[in-house]
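Reader: I have a model open and would like to go through it with you. Could we begin with how its elements are named?

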Amino acid sequence: MSDAPTPWPDGFLWGSATAAAQIEGAAHEDGKEDSIWDHFARIPGAVAGGDTPEVAVDHYHRMPADVALMKELGLQSYRFSTSWSRIKPGDRFVNHAGLDFYSRLVDELLDAGILPWLTLYHWDLPQALEKTGGWANRDTAYRFRDYASTVFDALGDRVTHWTTFNEPLCSSLIAYAAGEHAPGRREPRAALAALHHQHLAHGLAVQTLRSRSEEAGALKLGITLNLTNAVPNDPSDPADLEAARRIDGLWNRMFVEPLLLGSYPADVLDDVREYDFESLVHDGDLQTIAQPIDFLGVNHYHDDNVSGHPLPADAAPGLVPTDRPKASPFVGSEYVTFPSRRLPVTAMGWEVNPAGLRSLLVRLGREYPSPPPLYITENGAAYDDLVDADGRVRDTEREAYILSHVDAVRGAIAEGADVRGYFVWSFLDNFEWAWGYEKRFGIVRVDYETQERIVKDSGRAFARVIADARAGVRAPAPRSAAVDA
Ligand code: GBH
């Protein structure tokens, strides 16, 4: 009853997202050199099926047609990332041929009436910088600031929305401790160093871009975090509550709090005491990191169901570990387990639970004094698509996932969360990191033989959501509310 659908707030922004290494291909064209993902994918066993980002979905050569398709679906904004190793190969000179690709992309988007939403780092560090220590080396933060400044030189006249990092949790803890992502290191202390240095790099880049902005308020600067509710498996069990505190601390608060409060959470510093995290934090770093930002991007896919007990031998597979060998990304809390709650899951094994997104958004507004406006910068699902003989992709599960999560966002807004936009992940099927091309997240299908694009049923449904929202149409009440009435 309380769930009567409200219209979307004025100016609510609808879009879709991708990342350079996942879609561009042309991995060694026009002067681009190896990123850590090009390098990592060539290590036998690192990526499922031996897949690499070398060709991906060839977006580098098909960009104008892809933008035309975005326009056809009515996207108001397109979130993409720039590739550092295309723009500054080896982090040396500026490669104008590489930079020019993004300049053409931005022009194409603006011509189509689509707002460019640029991410500077979506996991593809130049391999040359990994050789000098990667993100475990503090100097990489300063190299990032210079790269950000280079991109701003070229695009700052046309791009207003800038995201420094996409999911620093993944590019620190999963990349440097679990070894599941490039560079594939399994060094907990290096992972914590990467975490702090990415925060620092964010702050340095925000300072630099802000100082370069000529018109106050014209630039919108922010960061995207992947935030995940840590749900205690048995809320009456102290061990499960403690496990949930640890995962919430390491997974969420270690990222949100330095940015919004200017401090790392004391309980997590205690959990990681053996790695001497505090010696990584120099005087003044936290002030740099806590620069005011204009938005917080939230990527959300699923909750984590958390336990402090070992899994029973006959347990259903939980969220982690996956089927590839890896170390734990849960630095300092390696003992925590993730039992299955037996909710429906996607092809990734991730739970489908839109209520989790709603509570997460509401909680951000309640727990932090005046959080910046929130944007859902990624939400979506992998499923094995059914393709009809006539080529129609009836991805009913993905469609249901997206519609139910869009509805959860609206529910959160009704409860007071300041959410200003929603980007579905992903615009195209693409290189799903360690899973290669096996997992498909697109609302547009890509035939990996021919590179043909086919809008899936979920893409058509999302286009209708956008059209209705913009027309001020009140969507029908969600099914549960309709039943209650
Ligand atoms: C996003 O990250 C990425 O930004 C995007 O590039 C990607 O394609 C998309 O999602 C789909 O995967 O506990 O170590 O087993 C994914 C967010 C957060 C998913 C951590 C896996 C658990 C890893 N990830 N999560 S682990």
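Author: Helices, of at least four residues, and strands, of at least two, are DSSP runs numbered from the N terminus. On that numbering, Glu-24 is found in the loop between α1 (20-23) and α2 (36-41). Please note that this is a predicted model.

Reader: Is Glu-24 buried or exposed?

Author: Glu-24 has a relative accessible area of 3%. Buried means under 20%, so Glu-24 is buried.

Reader: And which side chain does Glu-24 join through a polar contact?

Author: The side chain of Tyr-102, in a polar contact of 2.6 Å. Setting aside neighbours within four places in sequence, the residues in contact with Glu-24 also include His-59, Ser-81, Arg-86 and Phe-101.

Reader: Changing topic: which residues does the "active site" annotation cover?

Author: The UniProt annotation, from an unreviewed entry, covers Glu-167 and Glu-378.

Reader: Where are Glu-167 and Glu-378 found?

Author: Glu-167 is in the loop between β4 (161-166) and α8 (168-177), whereas Glu-378 lies in strand β9 (residues 374-378). Glu-167 counts as buried at 5% relative accessibility, and Glu-378 is buried as well, with a relative accessible area of 4%.

Reader: What is Glu-167 in contact with, sequence neighbours within four places aside?

Author: Glu-167 contacts Trp-123, Thr-224, Leu-225, Asn-226, Asn-299, Tyr-301 and Glu-378. With the same exclusion, the contacts of Glu-378 include Asn-299, Tyr-301 and Glu-167, along with Arg-79, His-122 and Trp-425.

Reader: What lies over the face of Trp-435?

Author: Lys-439 does, at 4.6 Å from the ring centre.

Reader: Now the largest nonpolar core. Which residues touch the most other members?

Author: Of its 152 residues, these are Trp-14, Trp-135, Phe-144, Trp-162, Phe-277, Val-409 and Tyr-422. Helix α9 (residues 188-212) contributes the largest share of this core, twelve residues.

Notes: Residues are numbered from 1 along each chain as its sequence is written. This is a predicted model: local features need pLDDT of at least 70, side-chain atom pairs count only at pLDDT 80 or more; totals for chains, interfaces and linings use all residues. Side-chain values use heavy atoms; hydrogens and water are left out. A charge sits over a ring if NZ of Lys or CZ of Arg is within 6 Å of the ring centre and within 35 degrees of the ring normal. UniProt positions are given in the numbering used here, feature names are shortened, and annotations may be inferred rather than shown by experiment. Buried means under 20% relative accessible area, exposed over 50%, partly exposed in between (1.4 Å probe, protein chains only). Contact means heavy atoms within 4.5 Å. A polar contact is a pair of N or O atoms within 3.5 Å; within protein, one must be able to donate a hydrogen and the other to accept it, and residues adjacent in sequence count only if both atoms are side-chain atoms. A nonpolar core is a set of buried Ala, Val, Leu, Ile, Met, Phe, Trp, Tyr and Cys residues joined through side-chain atoms within 4.5 Å.
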